[in-house]
Amino acid sequence: MRVAVIGASGYTGMELLRIIGRHPHLELAAVTSEQRAGQVVGEAFPAMRGVVDLEFESLDAAALAKRVDAAFVCLPHATAAPAVEGLRAGGVTVVDISADFRFTDRDVYEAWYGPHKAPGLFGTGVYGMPEVHGAALVGAQLIAAPGCYPTSALLPMLPFLRAGVVQPGTIIVDAKSGASGAGRAAGEAFQLTELDGNSYAYKVAAHRHGPEIEQEANAAADWPVKVTFVPHLLPTIRGIISATYMQAAPGLTTEAAHDILIEAYADAPFVRVLPEGETPKLAHVRGSNFCDVGVVVDDHAGTLVALGAIDTLVKGAVGQGVQCLNVAQGWS
């Protein structure tokens with residue numbers, strides 16, 4: 001399958017080039033970057049020397065659609081939609097890494113990201129979490145890869161909402177991320193000089209991944225879910241670790257909660273349910289498409305604590321996107 005990477009010079013784009021290079025069914029046919037157009041990938045990024053010999057080109061969606069079968073769109077939120085629209089008009093299967101097609105409610109999207117720039121396509125994307133929406137992904141032609149924070153929180157959280165062992169009440173998601181999740185063009189707050197030896201919360205209860213987590217939690221629960229989302233920055237480059245706090249149903253034990261996770265992910269090759277008593281660690285998922293999950297029930301407070309860890313750029317972005325394309329195409 002001939003694929004293009006749109007916005008290939010960012011962190012996610014570079015990660016995607018590595019994955020595509022060892023994928024048995026994909027042939028990298030085009031890479032775009034407005035800032036690096038005309039440069040050879042391996043010259044601009046020496047880690048790719050001898051691996052990718054293509055030149056970055058400016059995006060012309062209509063022309064590109066004649067050369068490729070699928071495209072990964074790694075452009076910023078609120079700017080990806082026009083590129084997706086042009087590629088879909090040419091019949092290209094698209095995996096979008098931005099938030100532009102993740103939401104089911106346009107008002108919610110626009111409250112956080114501004115006017116949608118491809119309103120005719122809004123609501124047509126499949127939320128790209130194979131462990132949750134696998135059936136809907138089969139044959140999908142527009143896939144919206146989830147955000148990194150939502151992936152780390154939802155995979156350990158959702159089995160308990162579906163099982164009905166969470167009592168109604170506010171769900172608190174406390175998550176901590178390395179700086180690469182903000183992308184190559186991130187501001188001063190994400191620079192190593194600011195983060196080294198430092199860690200702090202930001203956009204408390206005001207981060208745009210909060211409503212995405214809430215949307216998927218509501219789809220899994222039989223009561224209206226409200227989520228308080230508190231993200232933090234860690235002095236590391238990649239990885240997210242999350243802890244989600246929910247009110248446990250009376251009598252729920254850690255052992256029973258652990259069994260719920262095992263059953264939920266028995267057929268999910270990229271979700272690893274850790275042994276009871278073990279908690280996820282960033283170092284164990286770095287560079288991989290795994291999400292490690294664990295659970296503890298605090299008997300004293302009646303709190304269910306669901307834990308998850310992912311690599312920001314892989315399971316939190318393009319690795320999951322490739323996984324979605326595999327499901328859509330019927331590949332392993």
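Reader: Which residue stands opposite Pro231 in E10?
Author: Ala175 does. First, the ground rules. This is a predicted model, where local features need pLDDT of at least 70, side-chain atom pairs count only at pLDDT 80 or more, and totals for chains, interfaces and linings use all residues. Residues are numbered from 1 along each chain as its sequence is written, and side-chain values use heavy atoms, with hydrogens and water left out.

Reader: How do E8 and E10 pair?
Author: In the parallel sense, over seven bridges. E8 covers residues 171-177. Strands here are DSSP runs of at least two residues (E), helices are runs of at least four (H or I), and numbering starts at the N terminus. Two strands pair if DSSP finds at least two bridges between them.

Reader: And which way does E9 pair with E10?
Author: Antiparallel, over two bridges. E9 is residues 200-201, and Ala201 stands opposite His232 in E10.

Reader: Why is E10 described as largely enclosed?
Author: Because six of its seven residues, 227-233, are buried. Buried means under 20% relative accessible area (1.4 Å probe, protein chains only).

Reader: Switching topic. What is the strand order in the open sheet of seven?
Author: E3-E2-E1-E4-E5-E7-E6, with parallel pairing. E3 and E6 (126-127) stand at the edges with a single partner strand each, so one side of each has no neighbour in the sheet.

Reader: How many bridges join E1 to E2?
Author: Five, and the two strands run parallel. Val5 has Val31 in E2 as its bridge partner.

Reader: What about H1? How many of its residues are buried?
Author: Eight of the 11 in H1 (residues 11-21), so the helix is largely enclosed by the rest of the structure. Among them are Met14, Glu15 and Leu16.

Reader: What do those buried residues pack against?
Author: Several elements, including strand E1 (2-6), strand E2 (27-32) and helix H11 (314-329). Contact means heavy atoms within 4.5 Å.

Reader: Now the whole chain. How many helices and strands?
Author: The chain has 11 helices and 14 strands. Buried residues make up 54% of its 332 residues.

Reader: What radius of gyration does it have?
Author: The chain has 20 Å, which agrees with the value near 20 Å for a compact globule of 332 residues. That is taken over C-alpha atoms, and the globule rule is 2.2 Å times the number of residues to the power 0.38.

Reader: Last one. What share of contacts joins residues at least 24 apart?
Author: 70%, among contacts between residues at least 6 apart in sequence.

Technical notes: Buried means under 20% relative accessible area, exposed over 50%, partly exposed in between (1.4 Å probe, protein chains only).
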